[in-house]
Structures are given as C-alpha cells and as structure tokens.
Amino acid sequence: MIKKNVLGGFVLSLVGFCLPSVIFAAVDIFPGTSIQSVINANTAGTVYNLKAGVHRMQTVTPKSGDTINGESGAILSGARVLTGWVQSGNTWYVTGQTQQGPWSPEFEGGWQLCRAGHPRCAYPEDVFMDNVLKKHVGSLSAVTAGTWFFDYAADRIYVGDNPNGKLVETSVTGTAINGNATNVTIQNLIIEKYATPASSAT
C-alpha cells in the first residue's frame with residue numbers, strides 16, 4: 001500500500017505486501033556452441049546447463065560463483081574425430097595433424113624415464129578407437145594391431161587397426177577448465193580425452 005507521510009512525501013509500506021521471488025533459470029548450452037562465448041555474455045554466478053551430447057575441444061574459464069551442470073550424457077571432450085584414412089600396407093594413416101602439445105621434460109631424457117614399452121609417455125596426445133585407448137609406440141615400424149604412432153614431422157597419425165566404420169579420436173585440447181574464479185561448481189559432467197601433459201591436472 002502507499003501512505004503519505006507527515007512531510008508530504010510518499011513512502012512504500014511493505015505491510016501486507018509480498019515481493020515476488022526471483023527465479024534464476026539455467027542457461028542452456030548445446031553441443032557445437034562455444035561454451036566460453038556464452039559465459040562471457042553472462043554475469044558471474046550464472047548457472048549453465050550443458051545439454052546431452054559431446055562438447056568438443058573447448059577450454060572453459062568460468063566466473064566466480066558459476067555453476068556448470070551437465071545433463072545426463074553431457075561430455076566435455078578434448079578430442080577431435082579423425083576421418084579420411086589412407087591404407088599403407090598393414091597400417092592406416094591420416095594427414096593434417098599439426099597439433100602437438102607440450103611434452104613433459106622430466107621424461108624422455110629428463111630426471112624420469114618412461115616405463116618399458118611406453119616410449120612416448122612424455123607426449124600428451126592419445127588415440128582412441130571406439131573409446132578404447134591405443135598404445136603410442138616410438139616408431140612407424142613398431143605399429144601393429146592395438147598401437148599407433150604420431151609422425152610429428154610429417155603431421156601424420158598411423159594406426160595398426162582398420163579404422164573404417166569405427167569412431168577414431170585423438171586428444172588435441174590441453175585443458176578443460178582453467179582460471180582463478182572462486183566458488184565454482186562443476187557437476188554431472190564427463191570430462192575426457194584431453195591432451196593434458198603428464199603430472200598436470202585438466
């Protein structure tokens with residue numbers, strides 16, 4: 001109700017008057033959308049709902065107080081799908097692979113050694129075939145079934161299994177979540193296949 005006060009002005013009396021509740025709806029983000037561009041367009045403390053599906057090769061820097069929630073089946077993936085395979089003898093290769101994440105200097109000649117049979121543990125890239133991790137070998141001649149080799153000089157990835165009809169992915173993006181924001185909540189979200197250097201967190 002509105003009352004007139006003794007000085008001739010008007011004041012708002014809250015007696016018997018209820019203010020409506022403020023409801024903050026989540027901001028939906030669909031696969032294929034830049035998550036960071038949506039975050040940049042909203043204020044700190046926003047709730048984001050990542051819709052089901054694969055959100056590929058994205059690095060997210062949330063703002064303080066943000067909540068990033070994944071629907072059932074929402075995946076944040078650092079991997080690229082590989083297509084355009086060419087057969088060469090008992091191997092298959094794909095060209096145009098110019099990515100190369102930072103290798104870990106403590107391995108491969110540093111103060112630690114890779115375990116026997118895993119000569120490329122210092123490199124962050126991986127290959128997955130139908131979601132099965134393949135072993136990274138140290139040379140093209142070592143490629144057999146279940147293994148792969150990254151020829152960084154030629155920008156080629158070789159695999160020893162026929163990739164036709166299979167989902168083949170390689171990790172490319174190095175970081176999933178970064179920044180210095182506080183009170184950030186990330187929940188119900190699968191984070192996978194990032195090219196994270198050894199001894200580093202995604």
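Analyst: One term before the sheet comes up: two strands pair if DSSP finds at least two bridges between them. Also, this is a predicted model.

User: Okay. Which strands form the open sheet, and in what order?
Analyst: Three strands do, in the order β5-β7-β18. Their pairing is parallel.

User: Which are the edge strands?
Analyst: β5 (53–56) and β18 (190–192). Each of them pairs on one side only.

User: How many bridges join β7 and β18?
Analyst: Three bridges, in the parallel sense, with β7 spanning residues 74–77. I75 stands opposite I190 in β18.

User: Zooming out, how many helices and strands does the protein have?
Analyst: One helix and 18 strands. The protein has 202 residues, and 36% of them count as buried.

User: Now the largest nonpolar core. Which residues touch the most other members?
Analyst: L82, W85, V127, W148, I157, V159 and V168, out of 14 residues in that core. Four strands each supply at least two residues to this core: β10 (91–94), β11 (127–129), β14 (147–151) and β15 (156–159).

User: Switching to rings. How many aromatic pairs are there?
Analyst: Four. In one of them, the ring centres of Y123 and Y152 are 5.3 Å apart and the planes are at 25°, so the pair is stacked.

User: Where do Y123 and Y152 lie?
Analyst: Y123 is in the loop between β10 and β11, and Y152 is in the loop between β14 and β15. The pair therefore ties together parts that are 29 residues apart in sequence. Both Y123 and Y152 are buried.

User: And W148 with F150, what's the geometry?
Analyst: Tilted, because their ring centres are 6.2 Å apart and their planes are at 50°. W148 counts as buried, at 0% relative accessibility. F150 is buried too, at 0% relative accessibility.

User: Which residues do the ring pairs link into a cluster?
Analyst: Y123, W148, F150 and Y152.

Note on methods
Residues numbered from 1 in each chain as written. Predicted model: local features only at pLDDT ≥ 70, side-chain atom pairs only at ≥ 80, totals over all residues. Heavy atoms only, no water. Core = buried A, V, L, I, M, F, W, Y, C linked by side-chain atoms within 4.5 Å. Buried < 20%, exposed > 50% of the residue type's maximum accessible area, 1.4 Å probe, protein only. Phe/Tyr/Trp six-rings, centres within 6.5 Å; stacked < 30°, edge-to-face > 60°.
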